[in-house]
Amino acid sequence: MKRFENKVCLVTGASSGIGRATAISFAKEGANVVVSDVNEAAGELVVNEIKALGKEAFFVKCDISQRAEVENMIQKTVKTFGRLDCAVNSAGIAGTLSLPTHEYPEDAWLQQININLTGTWYCVKYQLIEMLKQGGGNIVCVSSAAGLVGQPDNVPYCASKHGVIGIVKSAAIENATKNIRINAICPTAIETPMIMEGRRKLAHNPEALEAAINLQRMKRMGQPLEVADVALWMCSDQSTFITGHAMAVDGGAFA
Ligand SMILES: NC(=O)c1ccc[n+]([C@@H]2O[C@H](COP(=O)([O-])OP(=O)(O)OC[C@H]3O[C@@H](n4cnc5c(N)ncnc54)[C@H](O)[C@@H]3O)[C@@H](O)[C@H]2O)c1
């Protein structure tokens, strides 16, 4: 029997990178999957990949910074599949600016806080409402190594990812006796479009690429699947005594 046979698993940010790998891994392990993102075209491709594996999936467009869209995402999940067993909240942005804290513009601060922090809280809030009704569930939020330590020149990202761990720990304590576990993953450099094409454009910047690789003691970046594997383990019955944990997935960077 597969670990997630006929479970209902929701992934935000599922059109790309870590979220995409997580959605497909859930399906490979037997789950029916809700693929959610703002990028509909890429999300539909993920849905097709999951259907080709013989599992059910549908795409729901949701900007996690919009409360009503998050509520709708959870309603659609329950209306279609009847319940919500596991949720992995991977949607997030890294911003486009590299500026010190005292120069950071307010609009760019708010954009990251609204998506990475408030958006993740909306997701956790509505996921918990459903899981409390059902009497159980598992939630994983993708924070970052920047949720554990400071990161220069990107204060809203760092603050938002620290905040995600605060959400996870608070909700974990509240629900520890309610058969609901909630944990965070804190990756260092993972080879996804966010890091290759995003703020530091590693794909076009050999020096920054080398620095990103050298951050890990393994002298390589992580792969999306290596984060997805941890997310699935945190959602599975192999980690039943783990809640409120923020786990570095870092190729030894924090060793
Ligand atoms: N790649 C890394 O090195 C790394 C390291 C640490 C943490 N993370 C975190 O991992 C998560 C996934 O990142 P990734 O590397 O897979 O990036 P990615 O850019 O490949 O994927 C992120 C996905 O989130 C979606 N998204 C963006 N804003 C959204 C919104 N408002 N509502 C819904 N969806 C939205 C994007 O459309 C995209 O499909 C993010 O939260 C990121 O901060 C990534």
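This is a predicted model: local features need pLDDT of at least 70, side-chain atom pairs count only at pLDDT 80 or more; totals for chains, interfaces and linings use all residues.
Trainee: How far does α2 reach from its first C-alpha to its last?

Mentor: Helix α2 covers residues 40-52, which makes 13 residues. At 1.5 Å a residue, the expected reach is 18 Å, and the model comes close to that. From first C-alpha to last, α2 reaches 18 Å.

Trainee: Why do the buried residues of α2 line one face of the helix?

Mentor: The buried residues in α2 are Gly43, Val46, Val47 and Ile50. They line one face because, seen down the axis of α2, they fall within an arc of 105 degrees.

Trainee: Which elements do the buried residues of α2 pack against?

Mentor: Start with the face turned away from the buried side, which carries the exposed residues Ala41, Leu45 and Ala52. The buried residues of α2 have their packing partners in α1 (17-28), β2 (32-37) and β3 (57-61).

Trainee: Which element gives the largest share of the lining of the largest pocket?

Mentor: That pocket has a volume of about 1,300 Å³. Of its 50 lining residues, those closest to the centre are Ile93, Ala94, Tyr157, Met194 and Ile195. Elements giving two or more residues to the lining include α1, α4 (106-134) and α5 (155-174). The largest share, four residues, comes from α6.

Technical notes
Residues are numbered from 1 along each chain as its sequence is written. Side-chain values use heavy atoms; hydrogens and water are left out. The expected span of a helix is 1.5 Å times one less than its number of residues. Buried means under 20% relative accessible area, exposed over 50%, partly exposed in between (1.4 Å probe, protein chains only). The arc is that of the directions from the helix axis to the C-beta atoms. Contact means heavy atoms within 4.5 Å. On a 1 Å grid over the protein atoms alone, a cavity is a set of points where a 1.4 Å probe fits but cannot get out, and a pocket is an open set with protein on both sides within 12 Å along at least five of seven lines; lining residues have an atom within 4 Å of a point. Grid points are joined across faces, edges and corners, and a volume is the space filled by probe spheres set on the points.
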